[in-house]
Amino acid sequence: MNAVWENMTAHADGALQTKQTSVFVRSNTVGEEKYDECKKMYTDFYAGKLDYKPTGEQLAFARRVIHIRESMGIYRELPIGVIGISDVRIVTFAGEPFTAYGESVRALAGGKFAIALALTNGYQGYLPHARAFAEGGYEAANSHFTSTLQEQAMEAVENAFKEMENGK
């Protein structure tokens, strides 16, 4: 029986490439004017003082509104990593991207095997695609980003792929 490394295919020098980039996306400030109301509901809920049970979406919305005021700012950074190993492309996202991100990564890879990885190099929350923001739901309500996120992220991925193709 051969050792694993005896069965491996050697790759040419320069076959491994890495790119680290970030996109800065406007923070999702929808509902910021309801900060006081959200803070009270959220605090009262966890203290057991509410006479009703808010939905998961209501709690997510309140948590996001509170986070905007207390710690975020107008723009939020999303780190993106791209690793190339010969004809393989691995894209890393610091959060929980929707399936559409993986589909977009594969479409941009130009026939190379491509995979998108979640929860790498930090955590920036849910990463919904543009349609999800219009449709609503828990993840979009809880996202710290706006509907331009996927477009900006894929532009950064595409640029990194092009740099790798050009040997930069």
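## Pocket, salt bridges and buried sites

The largest pocket is lined by N28, V30, E57, F61, R64, F133, G136, G137, A140 and A141. Two elements, α2 and α5 (138–142), each give two or more residues to that lining. α2 gives the most, with three residues. About 160 Å³ of space lies in the largest pocket. A pocket here is an open set of points on a 1 Å grid over the protein atoms alone, where a 1.4 Å probe fits, with protein on both sides within 12 Å along at least five of seven lines; lining residues have an atom within 4 Å of a point. Grid points are joined across faces, edges and corners, and the volume is the space filled by probe spheres set on the points. Helices (H or I, at least four residues) and strands (E, at least two) are DSSP runs, numbered from the N terminus.

This is a predicted model, in which local features need pLDDT of at least 70 and side-chain atom pairs count only at pLDDT 80 or more, while totals for chains, interfaces and linings use all residues. Residues are numbered from 1 along each chain as its sequence is written, and side-chain values use heavy atoms, with hydrogens and water left out.

**Salt bridges**

The structure holds eight salt bridges. The criterion is a side-chain nitrogen of Lys or Arg within 4 Å of a carboxyl oxygen of Asp or Glu.

| Pair | N to O distance |
|---|---|
| E163 and K19 | 3.7 Å |
| K112 and E165 | 3.3 Å |
| K162 and E158 | 3.8 Å |

E163 forms a salt bridge with K19. This pair links distant parts of the chain: E163 sits in helix α6 (residues 149–165) and K19 in strand β1 (residues 16–26), 144 residues apart. Burial classes follow relative accessible area: buried is under 20%, exposed is over 50%, and partly exposed is in between (1.4 Å probe, protein chains only). E163 has 34% relative accessibility, so E163 counts as partly exposed. K19 has 18%, so K19 counts as buried.

K112 and E165 meet through their side chains in a salt bridge. K112 lies in the loop between α3 (99–108) and β5 (113–117) and E165 in helix α6, so the pair ties together parts that are 53 residues apart in sequence.

What separates K162 and E158 in helix α6? They are four residues apart, which means about one helical turn. An α-helix has 3.6 residues a turn, so residues three or four places apart point the same way. K162 is partly exposed at 46% relative accessibility. E158 is also partly exposed, at 31%. Elsewhere, salt bridges that share partners join D87, R89, K112 and E165 into one network.

**Buried sites**

A94 lies in the loop between β3 (88–93) and β4 (96–97). A94 counts as buried because its relative accessibility is 0%. Contact means heavy atoms within 4.5 Å. Not counting residues up to four places away in sequence, A94 touches L78, P79, T120, N121, G122, Y123, Q124 and G125. From C-alpha to C-alpha, A94 and E77 are 9.6 Å apart in space, and they are 17 residues apart in sequence.

S143 lies in the loop between α5 and α6. S143 is buried, with a relative accessible area of 0%. Leaving out residues up to four places away in sequence, S143 touches N28, R64, Y126, P128 and F133. N28, R64 and F133 are also among the residues lining the largest pocket.

In α3, the buried residues are A100, Y101, G102, S104 and V105. Their cover includes β3, β4, β5, β6 (126–127) and α6.

**Backbone and surface**

Most residues other than glycine have a negative phi. S86 is not a glycine, yet has a positive phi of about 50°. S86 is found in the loop between β2 and β3. At 26% relative accessibility, S86 counts as partly exposed. N121 is not a glycine either, and has a positive phi of about 60°. N121 lies in the loop between β5 and β6. G110 follows α3, and its phi is positive, near 60°.

F24, I74 and Y75 make a nonpolar surface patch of about 350 Å². I74 is in the loop between α2 (56–72) and β2 (75–85). Patches are made of residues with over 30% relative accessible area and no salt bridge: like charges are joined within 9 Å, nonpolar side chains (Val, Leu, Ile, Met, Phe, Trp, Tyr) within 5 Å. Accessible areas come from the Shrake-Rupley method with a 1.4 Å probe; for residues, only the protein chains shown count as cover.
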